[in-house]
Amino acid sequence: MKIYIAYLLLAISSIFGMAIPVGLAGANPKSVVTTTKVISPAAALDRLIVAEKLEAEWFTPAFLDAVKGIGVVQFQRNLLMNIAAQRYGNYKSVQLVKGDRYRIIFDRAEPDAVIAQFRLDSMGRIAGIGIIEKKKPKK
């Protein structure tokens, strides 16, 4: 049995300036079929960031069990994006770096300031997220 680990702790990571894996699991297909259309992992990550309300169907049951439900994911995502907006400005887009790694682009951040490792299962559901914030340069 595969064990899925899912911690949405970017807030702690951002506050203390350290990298914390948010989740690990599953495959990362080039594109997936949702109930409405084909969506790429980059589009799924973008949707996760910008959606007003997150949907439980977007996540694997194991992921939601590990983080104690969609309400916790919604709360933590909102908190993380508020911290990111204060630190880096407005969210602009995601860009594929390589494999399952993506840049999260903001107005006032260098391109590699925030990197996400983002994984989907074979059904296109979010199975894992990991966020790494580059440490701020010392002045």
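Modeller: Arg103 forms a salt bridge with Asp112, and the closest N and O atoms of the pair are 2.5 Å apart. A salt bridge here is a side-chain nitrogen of Lys or Arg within 4 Å of a carboxyl oxygen of Asp or Glu. Asp112 has a relative accessible area of 31%, so Asp112 is partly exposed; buried means under 20% relative accessible area, exposed over 50%, and partly exposed in between, with a 1.4 Å probe and protein chains only.

The model is a predicted one, in which local features need pLDDT of at least 70 and side-chain atom pairs count only at pLDDT 80 or more, while totals for chains, interfaces and linings use all residues. Residues are numbered from 1 along each chain as its sequence is written, and side-chain values use heavy atoms, with hydrogens and water left out.

By the salt-bridge rule, the count comes to 4. Another of these pairs is Asp100 with Arg119, where the closest N and O atoms are 2.6 Å apart. Helices (H or I, at least four residues) and strands (E, at least two) are DSSP runs, numbered from the N terminus. Asp100 counts as buried because its relative accessibility is 15%, whereas Arg119, at 23%, counts as partly exposed.

Glu133 also forms a salt bridge, with Arg87, and here the closest N and O atoms are 2.7 Å apart. This pair links distant parts of the chain: Glu133 is in strand 8 (residues 126–133) and Arg87 is in helix 4, 46 residues apart. Glu133 is buried because its relative accessible area is 7%. Arg87, at 26% relative accessibility, counts as partly exposed.

Helix 4 covers residues 70–88, which is 19 residues. From first C-alpha to last, helix 4 reaches 26 Å, close to the 27 Å expected at 1.5 Å a residue; the expected span is 1.5 Å times one less than the number of residues. Several residues of helix 4 are buried, including Val73, Arg77, Leu80, Ile83 and Tyr88. After helix 4 comes Gly89, whose phi is positive, near 95°.
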